[in-house]
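Biologist: Could you put the model up so that we can go through the fold together?
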Amino acid sequence: MFERVCARFSKSVDGRTSEASVGLFVDGPNVFRDEFDVDLDDLRDAARDLGRVGVIRLYLDEHATPGLIQAAEARGFEVVITSGDVDVKLAVDATALVSDGAVDRLAIASRDTDFKPVLERAGAAGVGTVAIAPGSHGRSDALQNAADDAITLET
């Protein structure tokens, strides 16, 4: 699967991509909380505004509702379910994608400062970074300061 994603990014007419390739990684347990009222379509649209979306993943734990999983898949998200804390899986996957040179921009939707090192690593590799906050009171200053750009979703 990962190889197919990388191959999709490398396709172009003249050897160059005309639009930045974007990888969106969503920390489900931190973004989809009652107090934020985040819409899946808003997340997808925010990623599309950044460039050509090649990877759009929603990370959830084993307590995720079937309705959320179904809604995410219907909107084009690849849903990744982990049996433990989603932070480690998301961080490893995002860092691997950056290290492989598969994206020009990395967007992480979360309010968790645990992803600050991921954004810093991506920036050091020359990848543009974006921190997406689920709302103004869910914004992490550390994530925003580590990223090149920041987006706050209106709830």
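**Order of elements and the strand β2**

Modeller: This is a predicted model, and from the N terminus on, its elements follow the order α-β-α-α-β-α-β-α-β-α-β-α-β, which come to 7 helices and 6 strands in the chain.

Biologist: Which way do β1 and β2 run, and how many bridges join them?

Modeller: Strand β1, residues 21-27, runs parallel to β2 and is joined to it by 7 bridges, and one of the pairings is that of F25 with R57 in β2.

Biologist: And what about β2 and β3, how many bridges there?

Modeller: Strand β3, residues 78-82, is also parallel to β2, with 5 bridges between them, and D61 has T82 in β3 as its bridge partner.

Biologist: Which helix goes with β2 and β3 in a β-α-β unit?

Modeller: That is helix α4, residues 66-74, and the unit that β2, α4 and β3 make is right-handed.

Biologist: Changing topic, where does pLDDT stay under 50?

Modeller: Over residues 11-17, for which the model has 5 contacts beyond four places in sequence. Where pLDDT is low, the predicted coordinates should not be read in detail. For the chain, the mean pLDDT is 88, with 87% of the residues at 70 or more.

Biologist: What share of the chain is buried?

Modeller: Of the 155 residues in the chain, 46% are buried, while the accessible surface comes to about 7700 Å², 45% of it belonging to carbon and sulfur atoms.

How values were computed: Residues numbered from 1 in each chain as written. Predicted model: local features only at pLDDT ≥ 70, side-chain atom pairs only at ≥ 80, totals over all residues. Heavy atoms only, no water. Pairing = 2+ DSSP bridges. Helix = DSSP H or I, 4+ residues; strand = E, 2+ residues; numbered from the N terminus. Right-handed = clockwise from strand over helix to strand, strands pointing away. pLDDT = per-residue confidence, 0-100. Contact = heavy atoms within 4.5 Å. Buried < 20%, exposed > 50% of the residue type's maximum accessible area, 1.4 Å probe, protein only. Areas by Shrake-Rupley, 256 points an atom, 1.4 Å probe, with all protein chains shown as cover.
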